[in-house]
Amino acid sequence: MRVDVLTLFPEMFVPVIGASMLKIAAEKGLLTVSISNIRDFAYSKHRVVDDTPFGGGAGMVMKPEPLVIAVENALSEGGPIEPTQRRVILMTPAGKVFSQAKAVELANLRHLVLICGHYEGIDQRVVDLVVDEELSIGDYVLTGGELPAMVVIDSVARLLPGVLGSELSAGDETFAGDGWLEYPHYTRPREFRGRLVPEVLLSGDHARIARWRRGQSIKRTLARRPDLITANLSLDDKKCLCTVMSEDGKED
Ligand SMILES: C[S@@+](CC[C@H](N)C(=O)[O-])C[C@H]1O[C@@H](n2cnc3c(N)ncnc32)[C@H](O)[C@@H]1O
């Protein structure tokens with residue numbers, strides 16, 4: 001996959017794309033992230049990228065010409081790709097909220113162009129002319145679209161086949177499968193500051209462990225994100241939940 005990022009602050013991306021999974025994905029040739037400075041596409045004398053809003057009001061608005069040219073340049077750099085295989089995305093708090101399902105959808109494409117806004121935002125004509133989709137990373141306002149773009153890149157990159165060590169890692173986690181929250185994890189030591197690893201995890205009984213994990217996952221989701229439980233629990237799921245609830249009751 002190729003990802004083009006259009007930003008006024010390219011330096012913000014250097015440490016992020018050069019570390020951890022994104023670095024590995026690039027080294028394996030699975031991901032190419034190209035960062036472009038929007039200012040390089042401002043052909044006015046002083047490379048101006050923003051201006052005051054028509055109609056008045058506080059703040060500045062990013063001008064359309066540099067952004068549209070930057071997007072067109074990124075699309076041509078991406079090469080001849082079916083339009084259905086690429087997506088131009090504007091990061092904006094006014095967009096649809098990004099989700100794991102959206103990350104999965106984007107991971108199936110070949111080319112993403114991410115536009116990072118600043119100031120009050122960008123001229124609407126950029127959206128009308130070249131943007132396919134507007135995405136928000138949550139109901140809060142940041143100063144720029146750089147952190148949101150990094151969130152999208154990271155979540156999409158780890159879904160690309162071959163990026164994570166085991167394909168199972170991305171399949172067996174929060175929001176995957178049933179879309180519920182993941183069960184709690186434990187590692188060595190067996191006892192830490194008086195707290196023991198649940199006995200079931202040491203039992204070697206894989207079926208019991210699977211039922212415990214499922215029960216914990218349902219319990220957590222019901223407590224923290226009941227909105228994620230969209231269908232009735234199966235009889236098996238109810239049994240898993242009852243088991244963990246009664247075991248937790250014994251510990252209290
Ligand atoms: C200060 S914000 C602009 C907010 C805009 N005036 C509004 O009220 O919707 C500047 C830029 O940060 C980015 N941004 C801020 N919060 C974001 C969020 N929650 N998700 C995605 N992008 C965000 C967008 O690119 C936006 O253009």
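**Helices, sheet and loops**

Modeller: Let's start with a pair of helices: H2 passes H6 in a left-handed crossing (the near helix is turned anticlockwise from the far one by less than a right angle; clockwise would be right-handed). Helices (H or I, at least four residues) and strands (E, at least two) are DSSP runs, numbered from the N terminus. This is a predicted model, where local features need pLDDT of at least 70 and side-chain atom pairs count only at pLDDT 80 or more, while totals for chains, interfaces and linings use all residues. Residues are numbered from 1 along each chain as its sequence is written.

Colleague: At what angle do the axes of H2 and H6 cross?
Modeller: Roughly 60°, with the axes of H2 (residues 20–27) and H6 (residues 146–157) coming within 10 Å. That makes H2 oblique to H6. Under 35 degrees counts as roughly parallel, over 145 as roughly antiparallel, 65 to 115 as roughly perpendicular, and the rest as oblique. The axes are lines fitted to C-alpha atoms, for helices over the stretch in contact, and angles run from 0 to 180 degrees between N-to-C directions.

Colleague: Which residues of H2 and H6 meet there?
Modeller: From H2 you have Met21, Leu22 and Ala25, and they meet Ile153, Asp154 and Ala157 of H6. Contact is C-beta atoms, placed from the backbone, within 7 Å. By class, there are five nonpolar, no polar and one charged residues in the contact of H2 with H6.

Colleague: Switching to the sheet: in what order do the strands come?
Modeller: E2-E1-E6-E5-E7, five strands in an open sheet with parallel pairing. Two strands pair if DSSP finds at least two bridges between them.

Colleague: Why is one side of E2 and of E7 left without a neighbour?
Modeller: Strands E2 (32–37) and E7 (133–136) stand at the edges and each has a single partner strand, so one side of each has no neighbour in the sheet. The twist averages 30° from one strand to the next.

Colleague: And how many bridges link E1 and E6?
Modeller: Five, between E1 (residues 2–7) and E6 (residues 111–116), in the parallel sense. Valine 5 stands opposite leucine 114 in E6.

Colleague: Which strands does H3 touch?
Modeller: H3 (residues 64–77) packs on the sheet against E1, E2, E5 (86–97) and E6, and its direction makes about 165° with that of E1. H6 turns up again here, lying across E1, E2, E5, E6 and E7 and running at about 160° to E6.

Colleague: On to the loops. Where is phenylalanine 98, and is it buried or exposed?
Modeller: Phenylalanine 98 sits in the loop between E5 and helix H4 (100–107). Phenylalanine 98 is buried, with 20 other C-beta atoms within 10 Å. The cut-offs are 20 or more for buried, 12 or fewer for exposed, and partly exposed in between, with C-beta atoms placed from the backbone. Beyond its neighbours within four places in sequence, phenylalanine 98 contacts Leu135, Ser136, Ile137 and Val152.

Colleague: What's the backbone like at tyrosine 119?
Modeller: Tyrosine 119 has a positive phi of about 55° although it is not a glycine. Most residues other than glycine have a negative phi, and most peptide bonds are trans. Tyrosine 119 lies in the loop between E6 and helix H5 (124–130).

Colleague: Which residues does the cis peptide bond join?
Modeller: Arginine 188 and proline 189, with omega about 5°. Proline 189 is in the loop between helix H7 (167–171) and strand E8 (191–192).

How values were computed. Two residues are in contact if their C-beta atoms, placed from the backbone, lie within 7 Å. Ala, Val, Leu, Ile, Met, Phe, Trp, Tyr, Cys and Pro count as nonpolar, Asp, Glu, Lys and Arg as charged, and the others, Gly among them, as polar.
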